[in-house]
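Visitor: I would like to learn how to read a structure like this one. Please show it to me, and we can go through some features.

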Amino acid sequence: MRKTCLNCVLELAKNHSEVLFLGSDLGAGTMKEFRKTFPERFFMEGVSEQHLIGMAAGLAMEGFIPYVNTIASFLTRRCLEQVTIDLCLPNLPVRLIGNGGGIVYAPLGATHFALDDLALMRLQPNMTVIAPSDAVQMRAFMEISLSHPGPIYIRLAKGGDPVTHPKGLPFVIGQAIELAQGTHIAFLCTGAMAHPALIAAQQLTNKGISCSVWHFPTVKPLDQAALAPIADRHTLLVSLEEHTIVGGFGSAIAEWLMDHHPHPPRLLRLGFPDRFPSHYGSQEQHLAAVGLEPEAIARTVIQSYQRQK
Amino acid sequence: MHNTPDSISLDSRSLHLRRLVARALEGGTRGHLGSALSLVEILRVLYDHVLHVHPRDPAFPERDRLILSKGHGCLALYAILADLGFFPLEELDRFCHFDAILGGHPERGKIPGVEASTGALGHGLSIAVGMAIAARLHQQKHRVFAIMGDGEINEGAIWEAALSASQHRLNNLIAIVDYNKLQSYGPIADVVTLEPLADKWRAFGFATFEVNGHDLDALRDLFTQPLAANQPTAIICHTVKGKGIPMAEHNPDWHHKSRIPPAEMEAIYSALGGRHA
């Protein structure tokens, strides 16, 4: 997904002279081709995220469209005030590409986890928050990423994520995608949770509980037009995110239901609990530990569904 | 002592601009007075003699860019912009009002002539670096000025930006420090000393100069001299916080004041030779 995303930046740069690439202190050789092709539009600014965002703002004020890439935790937390004041307040077209959204950097520990990035970015007025499911969806998004007038946060998953994005479907910012049709339970997922959601939904469907699966590649603005009929038609909604359940995608769904739906259905929010994960290991181990792998999701959901009945 | 920041006496235009500062202060019954008054001569010389800007066309592409990174000094910026006609003088009377364009910190998009929203300290130099690189990419000849406070440069992001400006050899970037020796809490030397300040900027790769920040001729000479060919410029302006209002000079209590009573406003105007001198 990251490779696709960065390749797309190069492709965009070939046809649009206003496209720039900015990095902090990325791995050796990152964007080698971009640097070779457009040396004057390539910036590796060092370990200075606050400066990186301010500089991107200055460039965007002058008509450029900077694509800024570094590790998600540093891109969202370290320089949050710059993101808020320098990018969001003046509503500048800067693209923030965060590596390792969620628990991708499991072996590196808590300093590198990005389990709050969606919440932090969602809090900022004018910010658009994108969490694609896979490389195909990433490509579809990147193709339309240039023309959006304001700032965009783009969350990268681990890479090699199973493709769930429907073939040939164009990406529309703010539009959710129906991946499976059902009647009882609706799975609402974002980012790379699309695949586990589909497997869990299939397991439940096999047991006679019909499940819809909707993927929300745009966390903000939330697809309200899709949500209303989903909430009308199902008795249980399940939100799924590789993120703390505080303030992220599930919270956005909950807020919308409470504010806008006359008889909100029950919502089960699945994600990481509100505590620092104290382990290393692998992403899969972390997801299993918090019940975010397909079997555990199916178990939790079926329990909740039966309790409700 | 000859020609120190304290010894400079203010001419009629400097007093006039300070009266406009006072007008906004009175309009809002609040403001960062001390932080603005150390800046007046720096901004006056820039806008009167140095910057290529047009009040009637504040966003023309070839203009020089000025970012007041120490956004809390905005009363001085508002005074000169209003005086030059970027917006009506009457806006000063609505300073900090609910629906005003002039707030306690300047905002891009609201105020003609304001390039960036500042006030969260330590942001402006990075934005200026981005603008200076943009000018180079666009093969434009204009310059980018960023004015920082001395307290402001406690912020680490300023030094990140300084490293970058030097790395990119931004000879179209001029970093200005309003060195009035007082931050909000008290003397710089007591809070976080900056000395040797000029050496710091030199060590970060800037062609660095020091000047009496209230000396109009010295400021003009420095701002109009040819820029270094291959490096950014830093100009450290030695100034007096509260310059021109004796009760506010060197007085941290006047860094910011709110609910300023009429009697104090009269004292301010009286120090400036009256409301309509």
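This is a predicted model: local features need pLDDT of at least 70, side-chain atom pairs count only at pLDDT 80 or more; totals for chains, interfaces and linings use all residues.

Visitor: Which residues touch the most other members of the largest nonpolar core?

Guide: They are A:L96, A:L188 and B:W201, in a core of 80 residues. This core lies between domain 1 (2–155) and domain 2 (177–308) of chain A, because both domains give residues to it. Another core, of 55 residues, lies apart from it; B:F95, B:F145, B:I176 and B:C237 are among its members.

Visitor: How is the size of an interface often given?

Guide: It is often given as the accessible area that is lost when the parts come together. Here chain A and chain B bury about 1900 Å² between them, with 63% of it on carbon and sulfur atoms. On the side of chain A, the residues that lose the most area to chain B are A:H51, A:M61 and A:E62, together 32% of what that side buries.

Visitor: How many salt bridges does the rule find across the interface of chain A and chain B?

Guide: The rule finds one. The side chains of A:E62 and B:R65 meet in a salt bridge, at 2.5 Å from N to O. As for the side of chain A that touches chain B, its largest share, nine residues, comes from α3(A).

Visitor: Is B:D199 buried, exposed or partly exposed?

Guide: B:D199 counts as partly exposed, because its relative accessibility is 44%, between the cut-offs of 20% and 50%. B:D199 lies in helix α8 (residues 197–203) of chain B.

Key: Residues are numbered from 1 along each chain as its sequence is written. Chains are lettered from A and ligands numbered from 1 in the order in which they are written. Side-chain values use heavy atoms; hydrogens and water are left out. Helices (H or I, at least four residues) and strands (E, at least two) are DSSP runs, numbered from the N terminus. Buried means under 20% relative accessible area, exposed over 50%, partly exposed in between (1.4 Å probe, protein chains only). A nonpolar core is a set of buried Ala, Val, Leu, Ile, Met, Phe, Trp, Tyr and Cys residues joined through side-chain atoms within 4.5 Å. Domain bounds come from an automatic or database domain assignment. Buried area is the accessible area (1.4 Å probe) that two parts lose on being put together, summed over both. A salt bridge is a side-chain nitrogen of Lys or Arg within 4 Å of a carboxyl oxygen of Asp or Glu.
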